[in-house]
Amino acid sequence: MTCSHKKLNALLLCILFLVSQGIAWAGKAKISDMVVSNTRDDLLFYASVEDAFNDKMIEAVKNGVPATLTFFIEVSQIRGMWFDKEIADLSITHTIRHNSIKEEYAVYRSWEGEDPAIFKSFAEARRHMTKISGMTLSKMDRLEKGAKYQIRIKAELDKLTLPLYLHYVLFFLTFRDVETDWHKISFTY
């Protein structure tokens, strides 16, 4: 093999690598629409996850495989030269299940109680599953007036758990964990 062929092969491998990485990066899940608010008694939080489901995951859910999205949320008082004070450290789950007999999707959100929200379309169910809307993070009496605070959030789509021994089917080995980076929002009370 000549030197020019080796260079061409190396260049083609680099291009293939970059294209494949670009495709992987294009679908990276991320946290968006973070908002902090309050009532007289509670500190409320809103957020959503974009690109949490790829096509194979959607297909699996539509075929009856439940999927769980776990949110890790931390609330801290920022104290400058001293250690930050932890106000809350929460882990909440949202689970989607398809009932093929009734042709409906149930979304269970751990912080809303035991009764699921029921949807006829996957698009509506996915929207509900990937959003946190007005969740109470803390009571307002735990916060100090004039102090600075930070909320950090990360989301992780758990590996799809198949019933019985179906997890040995090779098709499902192509699923990757979906995980966001940590995102934060700061505020002064």
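**Entry 1**

I looked up R109 to start, and R109 is buried, with a relative accessible area of 4%. The model is a predicted one, so I read the values as computed from it. R109 forms a salt bridge with E112. I noted 2.8 Å between their closest N and O atoms. E112 counts as partly exposed, at 42% relative accessibility.

How many salt bridges does a search of the whole structure find? I found eight. Side chains of opposite charge can pair when their charged atoms come close.

I then looked up E104 and K120, whose side chains meet in a salt bridge at 3.8 Å, N to O. This pair links distant parts of the chain, 16 residues apart. E104 is in strand 5, residues 104-109. K120 is in the loop between strand 6 (117-119) and helix 3 (122-129). Is E104 buried or exposed? E104 counts as buried because its relative accessibility is 15%, and the limit for buried is under 20%. K120 counts as exposed, at 60%.

Next came K154 and E179, with a salt bridge of 2.7 Å, N to O. This pair also links distant parts of the chain, 25 residues apart. K154 lies in strand 8 (residues 148-157), and E179 lies in strand 9 (residues 178-179). K154 is buried, with a relative accessible area of 15%. E179 counts as partly exposed, at 33%.

I also noted a network of salt bridges that links K30, E50 and D51.

**Entry 1: helix 3**

Which residues are buried in helix 3? I listed F122, A125, H128 and M129. They cover an arc of only 125° around the axis, so they sit on the same side of helix 3. An α-helix has 3.6 residues a turn, so residues three or four places apart point the same way.

**Entry 2: aromatic rings**

I searched the whole structure for aromatic pairs and found four. One of them is Y105 with F122, and this pair is edge-to-face. The ring centres are 5.5 Å apart, with 65° between the planes. The pair links distant parts of the chain: Y105 is in strand 5, F122 is in helix 3, and they are 17 residues apart. Both Y105 and F122 are buried. Together with F53, they form one aromatic cluster.

The charged end of R152 sits over the W182 ring, 4.1 Å from the ring centre.

**Entry 3: the nonpolar core**

How many residues does the largest nonpolar core have? I noted 41. The residues with the most contacts inside this core are F45, F53, F71, I73, I96 and I153. In soluble globular proteins, nonpolar side chains tend to be buried together.

I picked I153 and set aside its neighbours within four places in sequence. The contacts of I153 then include I31, M34, F45, A47, F71, F72, I73 and I132. D181, W182 and H183 are also among them.

**Entry 4: K139**

Last, I looked up K139, which lies in strand 7, residues 131-139. K139 is partly exposed, with a relative accessible area of 45%. Which residues does K139 contact, leaving aside neighbours within four places in sequence? I found D41 and D42. L43 is 96 residues from K139 along the chain, yet their C-alpha atoms are separated by 6.0 Å.

How values were computed:
Residues numbered from 1 in each chain as written. Predicted model: local features only at pLDDT ≥ 70, side-chain atom pairs only at ≥ 80, totals over all residues. Heavy atoms only, no water. Core = buried A, V, L, I, M, F, W, Y, C linked by side-chain atoms within 4.5 Å. Buried < 20%, exposed > 50% of the residue type's maximum accessible area, 1.4 Å probe, protein only. Contact = heavy atoms within 4.5 Å. Salt bridge = Lys/Arg side-chain N within 4 Å of Asp/Glu carboxyl O. Helix = DSSP H or I, 4+ residues; strand = E, 2+ residues; numbered from the N terminus. Arc of directions from axis to C-beta. Phe/Tyr/Trp six-rings, centres within 6.5 Å; stacked < 30°, edge-to-face > 60°. Lys NZ or Arg CZ within 6 Å of the ring centre and 35° of its normal.
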